[in-house]
Amino acid sequence: MINQTEPEWHDVCAVSELAPGDARVLEIEPPVAIFFVGGEYFATDDTCTHAQSSLADGYIEGQTVECEFHFAKFCLRTGAALTPPAVTPLRSYPVDIVGGMVRVDLSARNADPN
């Protein structure tokens with residue numbers, strides 16, 4: 001059985017407020033980071049799965065972000081943990097642009113993983 005949840009869109013910021021190569025944190029619990037790289041927007045959990053560090057404050061290169069504390073790298077597109085010490089992936093979320101606003105769908109947080 002496939003569990004589907006209704007979209008749960010949250011406004012993050014105006015498109016003009018996020019420069020190429022930048023990240024923004026959606027201040028919810030737990031926080032979500034939105035990245036704008038290569039003309040695309042990506043959203044993942046903001047907290048590194050290895051240590052309690054904001055990935056929005058990390059080093060962004062291409063479609064990866066590196067945690068500033070222990071240098072674990074994650075794929076912005078999929079949330080995959082790419083290098084140790086992180087082994088657990090981040091949850092990633094759909095991003096959409098509507099009316100000049102960057103929005104993220106957080107319905108995956110409520111989905112049954114089974």
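**View 1. Surroundings of S53.** S53 touches D46, T47, C48, C67, E68 and F69, leaving out residues up to four places away in sequence; contact means heavy atoms within 4.5 Å. S53 lies in the loop between β4 and β5. Strands (E, at least two residues) and helices (H or I, at least four) are DSSP runs, numbered from the N terminus. With a relative accessible area of 2%, S53 is buried. Buried means under 20% relative accessible area, exposed means over 50%, and partly exposed lies in between, with a 1.4 Å probe and protein chains only. The model is predicted: local features need pLDDT of at least 70, side-chain atom pairs count only at pLDDT 80 or more, and totals for chains, interfaces and linings use all residues. Residues are numbered from 1 along each chain as its sequence is written, and side-chain values use heavy atoms, with hydrogens and water left out.

**View 2. The sheet of β5, β6 and β7.** Three strands make an open sheet in the order β5-β6-β7, with antiparallel pairing. Two strands pair if DSSP finds at least two bridges between them. β5 (59–61) and β7 (73–75) are at the edges with a single partner strand each, so one side of each has no neighbour in the sheet. From one strand to the next, the twist averages 25°; axes are lines fitted to C-alpha atoms, for helices over the stretch in contact, and angles run from 0 to 180 degrees between N-to-C directions. Strand β6 (residues 64–66) is joined to β7 by three bridges, and the two run antiparallel. Opposite T64 stands C75 in β7.

**View 3. Strand β4 and its partners.** Five of the six residues of β4 (residues 40–45) are buried, so the strand is largely enclosed by the rest of the structure. Six bridges pair β4 with strand β3 (residues 32–37) in the antiparallel sense. V37 has E40 in β4 as its bridge partner. The hairpin of β3 and β4 has two residues between the strands, and G38 there takes a positive phi near 55°. β4 also pairs with strand β8 (residues 92–93), in the antiparallel sense over two bridges. In that pairing, T44 stands opposite S92 in β8.

**View 4. Salt bridges.** A salt bridge is a side-chain nitrogen of Lys or Arg within 4 Å of a carboxyl oxygen of Asp or Glu. By this rule there are three salt bridges. In one, the side chains of R24 and E17 meet at 3.2 Å, N to O. R24 is partly exposed at a relative accessible area of 28%, and E17 is partly exposed at 44%. In another, R77 meets E40, and the closest N and O atoms are 2.9 Å apart. This pair links distant parts of the chain, with R77 in the loop between β7 and β8 and E40 in strand β4, 37 residues apart. R77 has a relative accessible area of 41% and is partly exposed; E40, at 31%, is also partly exposed. There is also a salt bridge between the side chains of R109 and D45 (3.7 Å, N to O). R109 is in the segment after β10 (101–105) and D45 is in strand β4, so this pair too links distant parts of the chain, 64 residues apart. R109 is partly exposed at 24%, whereas D45 is buried at 18%.

**View 5. The nonpolar cores.** A nonpolar core is a set of buried Ala, Val, Leu, Ile, Met, Phe, Trp, Tyr and Cys residues joined through side-chain atoms within 4.5 Å. The largest one has 15 residues, and those with the most contacts inside it are F35, C48, L55, I60, V65, F74 and L76. β3 gives the most to this core, with three residues. Neighbours within four places in sequence aside, L76 is in contact with F35, V37, F42, T44, I60, G62, Q63, T64 and V65. Another core, of 13 residues, lies apart from the largest one; C13, L18, I34 and V102 are among its members.

**View 6. M101 and C13.** M101 is found in strand β10. Its relative accessible area is 25%, and M101 is partly exposed. M101 and C13 are 88 residues apart along the chain, and their C-alpha atoms are separated by 5.8 Å. Leaving aside neighbours within four places in sequence, M101 is in contact with D11, C13, A14, V15 and D96.
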